[in-house]
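Me: I am new to this structure and would like to know what lies behind the terms used for it. Please set each value against its definition.

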Amino acid sequence: MRRRTGWALLFCAILMFHTSSATAQTRVDVELELVLAVDVSTSVDDDEFNLQRVGFAEAFRHPDVLRAIRTVGPNGIAVSMSHWSSTRSQAAIVAWMHVFDTASAERFANAVLQVPRRFKGTTDISGAIDHSVRRLMTNRFIGKRMAIDVSGDGTSDPARDAAARDRAVARGITINGLAIHNEDIDLGELAKLDLTDHYARHVIGGPGSFIMAAADFSDFRRAIRQKLIREILGPNIALYGQSGSAVGQLIE
């Protein structure tokens with residue numbers, strides 16, 4: 001009986017060793033793990049949703065973004081995309097992909113364009129953050145940095161958003177925001193100030209976090225391209241500037 005128990009324990013130990021070794025072999029080192037969390041709440045109509053989708057795809061095809069990916073380091077980045085709206089409405093719509101050159105960036109861009117809108121609903125930024133954290137904690141990549149790119153045109157409960165942000169930051173994750181000013185639902189300049197203030201005070205956080213703004217959904221293409229460059233480069237933005245780009249224009 002003891003002999004059988006000993007063999008069973010030995011077998012389990014060997015199995016665990018091979019399982020952990022296989023898992024370790026599938027892990028991929030990258031410079032950055034990035035979740036693109038895209039607002040698809042009801043305030044975003046179908047045309048505006050398409051502007052976001054096309055904007056992301058064009059950004060990953062843009063020479064400046066491709067150069068940022070090459071500049072950040074030899075391992076490239078890992079990136080995925082999620083849609084979010086209300087409390088229980090979040091979904092990963094583009095799986096994690098390793099982006100490190102023009103061909104891999106093109107594959108990601110194509111994947112973004114092929115995915116339809118998942119749902120509509122109210123706005124819950126905290127749910128988007130919590131969902132993105134789970135995505136970062138359960139993928140096969142090991143990033144030197146982890147970041148969540150939250151874009152949206154509305155606010156939600158400040159306390160819940162701040163609590164979700166703090167939980168993410170405690171895990172070493174940086175949250176950056178892109179506030180999209182939607183004139184269809186805004187109440188003038190006051191609403192724009194409220195949206196930007198909400199993102200600044202209750203959403204963004206972590207090392208090097210920042211907020212950018214798009215004047216409207218038609219301005220999203222420019223804003224997301226500039227945001228991605230800054231997001232991908234992180235501390236290496238000065239290095240990127242040495243190769244000829246006007247860095248000041250990228251981070252306004």
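Me: Which residue of β5 stands opposite V150?
Reply: V150 stands opposite G177 in β5. This is a predicted model, in which local features need pLDDT of at least 70 and side-chain atom pairs pLDDT 80 or more, while totals for chains, interfaces and linings use all residues. Residues are numbered from 1 along each chain as its sequence is written, and side-chain values use heavy atoms, without hydrogens and water.

Me: What makes β4 and β5 a pair?
Reply: Two strands pair if DSSP finds at least two bridges between them. Strand β4 (residues 141–152) and β5 have seven bridges, in the parallel sense, so they meet the definition. Strands are DSSP runs of E with at least two residues, helices are runs of H or I with at least four, and both are numbered from the N terminus.

Me: Why is R135 called buried?
Reply: R135 has 17% relative accessibility, so it counts as buried. The residue is found in helix α5 (residues 125–137). Contact means heavy atoms within 4.5 Å; leaving aside neighbours within four places in sequence, R135 is in contact with V35, S80, S82, A92, V94, A95 and W96. The C-alpha atoms of R135 and S80 are separated by 8.6 Å, and the two residues are 55 apart along the chain.

Me: Why is α3 described as largely enclosed?
Reply: Seven of the ten residues of helix α3 (residues 63–72) are buried, so the rest of the structure largely encloses this helix. The buried residues are V65, L66, R67, A68, I69, T71 and V72.

Me: Why are α2 and α3 called oblique?
Reply: Angles under 35 degrees count as roughly parallel, over 145 as roughly antiparallel, 65 to 115 as roughly perpendicular and the rest as oblique. The axes of helix α2 (residues 46–61) and α3 cross at roughly 60° and come within 5 Å, and α2 and α3 are therefore oblique to each other. A59, F60 and R61 of α2 and P63, V65 and L66 of α3 make the contact.

Definitions and conventions: Buried < 20%, exposed > 50% of the residue type's maximum accessible area, 1.4 Å probe, protein only. Axes fitted to C-alpha atoms, helices over the stretch in contact; angles between N-to-C directions.
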